[in-house]
Amino acid sequence: MAAPPQHPAHDDLRRRWAAAAPAPGTERYADDLLARWAEPQRRYHTTDHLVAVLDRVDELARYAEDPDLVRLAAWFHDAVYLPERSTNEDRSARLAERALPELGFDEARTAEVARLVRLTVTHDPADGDRNGEVLCDADLAVLAAAPERYAAYAAAVREEYAFVPDDAFREGRAAVLRHLLGLPCLFRTPHGRREWEERARQNLTTELKLLETGM
């Protein structure tokens, strides 16, 4: 069986991984992670999402305490992903806890990456958690996409949950959107609040109205 074609950003992503995790044999870990991000069950949580989150981390890097640890957390944050499971973040964090010591990362840095990965369950960093604010804002930045791209994101999420009946999906997705819209702020970094907050709320409101119309 022929191997699937490489993502156009594959080589650049390997370079970006090596910059964040410079260690002998680091390429093997990059290839393992890239294979995970390319798994066939993914529709939104794909290599494109990884690229987008890494790009946003770069954009927000000045707000982070340790941007490279945030970049590593971005690599791992959906490395384990099965839509029907609720344990993906914890499994992804445990993958980081196994891999990073093998690359020479000490206990404190490994623990910080794992903590950040687990934080993507709630996207609710504590006040002053600069690394957490950057990762969560980067992960949620798609909410502020242009309307066409946001619609594509919403459609891809629906595809990942194709096993869920329409009525149940609409109800569950609407609950998620209402929760997000009820938060005092979606984004925690100054850039996120200034550049993304208003547009994200417009997108969420539009999607919620469409869901409620279809209910």
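These legends accompany close-up views of a predicted model.

**View 1. The two cysteines stay apart.** A disulfide is a covalent bond between the sulfur atoms of two cysteines. A search through the whole structure turns up zero disulfides. For a pair to count as a disulfide, the two sulfur atoms must be within 2.5 Å. The surroundings of each cysteine are also worth a look. Cys136 is buried, at 1% relative accessibility, whereas Cys185 is partly exposed, with a relative accessible area of 24%.

**View 2. Helix α7, mostly covered.** Cys136 brings us to helix α7, where this cysteine is one of the buried residues. How many of the 11 residues of α7 are buried? The count is 10, so this helix is mostly covered, with buried meaning under 20% relative accessible area. Among the buried residues are Asn131, Glu133, Asp137 and Asp139, along with Val134, Leu135 and Leu140. Which helices do the buried residues of α7 pack against? Their partners are α3 (47-60), α4, α6 (107-119) and α10 (190-195).

**View 3. Glu112, a buried residue in helix α6.** Here we move to α6, the helix that holds Glu112. Is Glu112 buried or exposed? Its relative accessible area is 17%, and Glu112 counts as buried because the limit is under 20%. Setting aside neighbours within four places in sequence, Glu112 is in contact with Leu69 and Asn131.

View 4. His77 sits in the loop between α4 (67-76) and α5. With a relative accessible area of 0%, this histidine is buried. What does the side chain of His77 reach at 2.7 Å? It is the backbone oxygen of Ala74. The side chains of His77 and Asp78 are joined by a polar contact of 3.0 Å. Not counting residues up to four places away in sequence, His77 also touches Trp37, His49, Val53, Ser92, Val117, Thr120 and Asp139.

**View 5. The largest pocket and its lining.** Rolling a probe the size of a water molecule over the atoms shows where empty space is left. The largest pocket holds about 1,200 Å³ of space. Two or more lining residues come from each of α5 (88-102), α7 (130-140), α8 (147-160) and α9 (166-181). Which helix gives the most to the lining? That is α9, with eight residues. Sorted by class, the lining has 21 nonpolar, 11 polar and seven charged residues.

**View 6. Pro5, out in the open.** Our last stop is Pro5, in the segment before α1 (10-20). This proline is exposed, with a relative accessible area of 78%. How many residues apart in sequence are Pro5 and Ala38? They are separated by 33 residues along the chain, while their C-alpha atoms are 10.0 Å apart in space.

Notes. Residues numbered from 1 in each chain as written. Predicted model: local features only at pLDDT ≥ 70, side-chain atom pairs only at ≥ 80, totals over all residues. Heavy atoms only, no water. Buried < 20%, exposed > 50% of the residue type's maximum accessible area, 1.4 Å probe, protein only. 1 Å grid on protein atoms, 1.4 Å probe; cavity = no way out; pocket = protein on both sides within 12 Å on 5 of 7 lines; lining within 4 Å. Points joined across faces, edges and corners; volume = space filled by probe spheres on them. Helix = DSSP H or I, 4+ residues; strand = E, 2+ residues; numbered from the N terminus. Nonpolar A, V, L, I, M, F, W, Y, C, P; charged D, E, K, R; others polar. Polar contact = N/O pair within 3.5 Å; in protein donor to acceptor, adjacent residues only side chain to side chain. Contact = heavy atoms within 4.5 Å.
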